[in-house]
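Okay, thanks for coming, everyone.

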Amino acid sequence: ANKGASEAGVGIARAPLLPQLGASLGYQHSDSRSSSISAQPTGNGNYALVPSIGNSQGRSRSAQGTLTQTLFNWGDISRLRGARENARGAGAGYDAAVQDLIVRTATAYFNVLTADDQLAFAQANEKALAKQLDQAEQRYKVGLSAITDVHEARANHDSAVAQVIQAQNGVDTARESVAQITGRDFGELKKLREDLPLDKPTPDNLQAWVDTAIKNSPVLASSQYSLNAAQDNITAQRSGHLPTLTASLVRTDSPSWGSSDRSFGNTAVGNIPGNGWSGDTTIGVTLNVPLFSGGAVHSQVRQAIFQRDAAQDQLELLAEDLIHRKGDQRQLAVVVGGARVVARVADREIAALQGVPGPFHRPRVATLDDRVDGLFQLVLRQLRFDVRHVEQQSGLGIPDGQQDPFCVALDRVA
C-alpha cells in the first residue's frame, strides 16, 4: 500500500507542470420595468406631461475556455524529483519487507524443528530416568541401595517431566509463530536432510560480500532515496524566493437575446427585439515575483534542512550496522555446521539413553549424569572441529594472529 501511494505521488507532483484546461458556462435572465413622466411638446408651443411605461426581458449566455501552462516553476520541478525519489524508496522498502518476511519465515521454520528436537530429547530423557527410577526402587527393595538413591532418582525423573512439559510448550509457541506468518495450520513440517552442503563462496572474499551487501541492500537503498527526497525538498522550499512564469489562453463567447416594449401616454410602441453577440480571445504571459511572505519560506527551508540531516543520520546508522555485522556469514556457517553436529550426536545419545540396561544389572548411580556430561563435552569438541572445518572450506576464517571469539567462548564453557 505504501509503495502504491508513493507511486501515485509522482503523478500528483507532475500535474502542476502539465497543461491545465478548464471551461465554464454561465446563463443569465433579466426582467425590468420602468415608468416615468416627462414633458412633451404638443405642437402649438405648449408642453404636456406624458407618462412613459417600459418593459424589457433579456437573456444571455457566456462560455469561457481557459488553457494555462507553467513555463518555469523550480518548486514544482523539485517536488517532482522528490516524489520520484520517494517512489523509488518505497519500492526498495517493499523489497526489504519481502526479504524480512523470508527471513522471519525461515527463522520460524527452524525454530519449530529445533523445538521438535528438544521435545524428542526431553521425552527420551524422561523415559530413561523413569527406567532408572524403576531400577532404583527395585534395588532398594532387594537391599542393594539406600532410600536416598530412590529419592534422587525420583527428583531427577520429576525434573525430566517438567522439562518435557516445557519443551512441549516451546513446540506450541514455535508452531504458533509459523501459523501467524502463514495464516493457516501447516501440519507437519519437512525435516532437514542429514548432510547439508557447505559450498565455498564465490568470490572467496568476505569483504567482497560486505561490499555487495552495502551496494545492493534494499534497506540502505530506501534510506538513500529518502535522503535524496529530503534534499529535493530543501530545493523546493528555497524556490519560494524564485519567480514563476505562466502562459495562458482565454476564449470567451457571450450571446444575448431579449425584447422590450414602451408606451407614451396612450401611444404604444411595438415589441422591439434585442439580440447580440460578443466574443473575446486573450493570450498572455504572467510573471509572478514573490517579495515577502512573512518569513514562511525561511522557516520552511530550515525545517527541510533538519529533515535532511535526520535522513542523513539514519542512512549512516544503517550503513554502520551493516558493516559491523560483516562476520555474520561466518557465524551463520559455523552455527549451521554446529547444528549438524549437535543433531547427529544427540540422535546417538537419545538412542543410548533409551537403551538403559535392565533392572537386575548393577549400573553406577551417576550413569545418566555421566552420559549428559559426556554428551556436552563431545558437542563442544565437535563444535571446535566444525568451526575450523567451516572456516577452511568457506574462506571466512579469522586472520592470522587473532583468536576466534567463538572458540574462545567454547573453551570457557568447557
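Predicted model: local features only at pLDDT ≥ 70, side-chain atom pairs only at ≥ 80, totals over all residues.

So, helix α1, residues 2-14, packs against α2 at an angle of about 165°, and their axes are 8 Å apart. Axes here are lines fitted to C-alpha atoms over the stretch in contact, with angles from 0 to 180 degrees between N-to-C directions. That angle makes α1 roughly antiparallel to α2, a label used for angles over 145 degrees.

Residues are numbered from 1 along each chain as its sequence is written, and side-chain values use heavy atoms, leaving out hydrogens and water.

Now, the largest nonpolar core: it has 13 residues, of which Val112, Leu119, Val178 and Leu189 touch the most other members. A core means buried Ala, Val, Leu, Ile, Met, Phe, Trp, Tyr and Cys residues joined through side-chain atoms within 4.5 Å, with buried being under 20% relative accessible area, using a 1.4 Å probe and protein chains only. Which helix gives the most to this core? That's α2, with six residues. Leu189 touches Tyr109, Val112 and Leu113, not counting residues up to four places away in sequence.

Last stop, α6: Val297, Val301, Ala304, Ala311, Leu315 and Leu322 are buried there. What covers the buried residues of α6 includes α4 (206-216) and α5 (218-238). Helices, by the way, are DSSP runs of H or I, at least four residues, numbered from the N terminus.

Notes:
Buried < 20%, exposed > 50% of the residue type's maximum accessible area, 1.4 Å probe, protein only. Helix = DSSP H or I, 4+ residues; strand = E, 2+ residues; numbered from the N terminus. Contact = heavy atoms within 4.5 Å. Parallel < 35°, antiparallel > 145°, perpendicular 65-115°, else oblique.
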